[in-house]
Amino acid sequence: MEAGKEIKREVSPVITLENNPFTPPKDGACLINQLPPELLSHIFELGVREENIQDDDDEDEDEAMGELDILMGSMPPFFEVKNLKGAEDLGDDAGEGGTKSPTSSGSSDVSSEDEYEPKFQVLVSHVCKHWRTVALSTPALWTVINIGPIERSALERVQCLVERSKGLPVSIRIDCEPPDDEDSEDDADSPGGGDPKPISLNDLNALLDILVPHVQRWRTFELSVSSYELMFATLLKLSAPSVPAATHLECLQLYHHEEAETDIFPSPEYSAPLTLFGGEAPRIQTLALWGVHVNWNQNWLAGGTQLVDLELAYHTEDVRPSWAAFVRILRGSPTLETLTFSASGPAGAPEDWRAERGDVDDKDGLNDVIELPNLTDLVLAYHPVEYVSALMRKLALPSLKNLTLDLEEDDFSNFVLQLSGPAPTPSGVKRDNAPSILNGLESLKISGLPCNDRTINTMYAELNHLQALNLSMDYLVPTFFKNLSVTSAQPGAEKSKVWLPALTVLTTSGVSGPEMRELITARREAGYPLKMVFMEENDDVDPSDVEWLRENVEKFDFFEGSDDEFDLDVLGDDEDGEEGEEDEWEDMHELD
């Protein structure tokens, strides 16, 4: 180096926060805040709508302990927002486009396990003062009221949501069932801490005192209980003379998840059938009553309804609808598309399902076949063979496409032959050339159906248009699965004939990987290949089976068996075939 020559060093630029997206501009001129409030409000509504779509298939989650603070405008002091690393706590007194820094009382010790993400509308309402003003003046953001087992009273939060939603229709879900052990452990670590407790009778009555006066703007109402005392308390509230018509109610789901060990309703003090909403709910489309009975003759249920989905489940004999009421419900619901009878249906023995003897004027047509012209989905579960056989002889279902059967204990061979024969017609007169119910099916799920091999062959011979089949082989004879690969090659035929020639989608439980590989190979060689296969995650399928299955069908996945006998949850996979990560919301403590 030459003497006297100055040494030049490169100096790194000073790191500033000028471009930090979480630091507001000094002049407060956030570009997005130049949008008209109406447009910003619409953006918020689209965000909530997208979030609701993503959450539709998620498991129900317990409420977070801190949500009341957020709704009331007091953010927990060290609140951390997942996926917004570096974001600081935001308060109500943040300026236009500004933030509020955490207090100097200490730094956050919240671990990643404690992080939870607020609902979209709560998040945007705490960005800045301007956004909060717009969010709180947008009623559509606050129309979902979800109440689960929590330690802290939810009364203030519910009252807040009722006020913020103003006059818009609201969706309400109340879960009074005790959380399982896993949920309890998760919630114990959530902000606010403590073991969550199920909603008590006093809490439920207090919640209903807030909600029932707004019954005219209920859009959906779902209640789950494990004690009928809480369900009956709700029914009493909804049947009070002061309760107005539920003019916006589209969905009513009442679930009592306590098994009855007798054929008679076990709580006589709660057995009175009640009339809800003054007998008027003109817009109701979805109705589910699990172990819950009402006055089966009330107007909104027995006449002129717009029911699209009706589910009756787990009713003891003495609280089921009479045959006359049953006929009025079905005939009064010409728009029905989905019908579920699970250990429920009309009361009495099948020989009693007719007009009273001597009743010449059968104006309700109690002796006639009931036609449901738009019904596409039917579920029959937990019925004696005589009962379900008689029921199906009373129903004409010309549009039926999807059938679920979960029947057990009896021999259902004759019932299978009945389904394979000519279907009932509206006139009640069978035509020898009429197609069977099975012939029009596109999907079939069988979780239980004791019958002999000959009737299985007869059934499969009718399923020429079936595209999707779901078999629970833990509860079925092997023939149900084996027959899917049986061929009857004819000399000179271009390809072998197999049962269910249109079948492309197969879902199974109780089937091993080698058995599935053999079936796929047999159908492909016969010229009737399967395209999509789903197998229960606990079945005997090793990695080599998985690799082979992915290479030999267009789509292969495992599914997780559901507590609901009629549903399954498919587990997603990434491009490499590994099990995908659970939805980021799955383990979150959700906030309203």
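Is Cys451 buried or exposed in this structure? Cys451 is buried, at 10% relative accessibility. Buried here means under 20% relative accessible area, exposed means over 50%, and partly exposed is in between, using a 1.4 Å probe and protein chains only. Cys128 is buried as well, at 4%.

Before I go on, some ground rules. This is a predicted model, where local features need pLDDT of at least 70 and side-chain atom pairs count only at pLDDT 80 or more, while totals for chains, interfaces and linings use all residues. Residues are numbered from 1 along each chain as its sequence is written, and side-chain values use heavy atoms, with hydrogens and water left out.

Staying with cysteines for a moment: how many disulfides does a search of the whole structure find? It finds 0. A disulfide was counted as a pair of cysteine sulfur atoms within 2.5 Å. In general, a disulfide is a covalent bond between the sulfur atoms of two cysteines.

Next, the strands. Helices (H or I, at least four residues) and strands (E, at least two) are DSSP runs, numbered from the N terminus. Strand β11, residues 402–406, runs parallel to β12, with 5 bridges joining them. β12 also pairs with strand β13, residues 468–472, again in the parallel sense, over 4 bridges. Two strands pair if DSSP finds at least two bridges between them. Look at Lys445 in β12: Lys445 is the bridge partner of Thr404, and in β13 the bridge partner of Lys445 is Asn470. Between β12 and β13 comes helix α13, residues 453–462, and these three elements make a right-handed β-α-β unit. Right-handed means that, with the strands pointing away from the viewer, the path from the first strand over the helix to the second runs clockwise.

Now the salt bridges. A salt bridge is a side-chain nitrogen of Lys or Arg within 4 Å of a carboxyl oxygen of Asp or Glu. The structure holds 5 of them. One joins Asp209 and Lys237, at 2.6 Å from N to O. Asp209 lies in helix α7 (residues 201–211) and Lys237 in helix α8 (residues 228–238), so this pair ties together parts that are 28 residues apart in sequence. Asp209 is partly exposed at 47%, and Lys237 is partly exposed at 25%.

Another salt bridge joins Asp545 and Arg517, at 3.0 Å. Asp545 is in helix α16 (residues 543–552) and Arg517 in helix α15 (residues 513–526), so here too the parts tied together are 28 residues apart in sequence. Asp545 is buried, at 4%, whereas Arg517 is partly exposed, at 26%.

Arg173 and Asp175 form a salt bridge with their closest N and O atoms 3.8 Å apart. Both of these residues are buried. Together with Glu222, they are linked in a network of salt bridges.

Last, the core. A nonpolar core is a set of buried Ala, Val, Leu, Ile, Met, Phe, Trp, Tyr and Cys residues joined through side-chain atoms within 4.5 Å. The largest has 133 residues, and those with the most contacts inside it are Trp218, Phe277, Leu449 and Phe480. Leaving aside neighbours within four places in sequence, Trp218 is in contact (heavy atoms within 4.5 Å) with residues including Leu211, Leu238 and Phe277. In soluble globular proteins, nonpolar side chains tend to be buried together.
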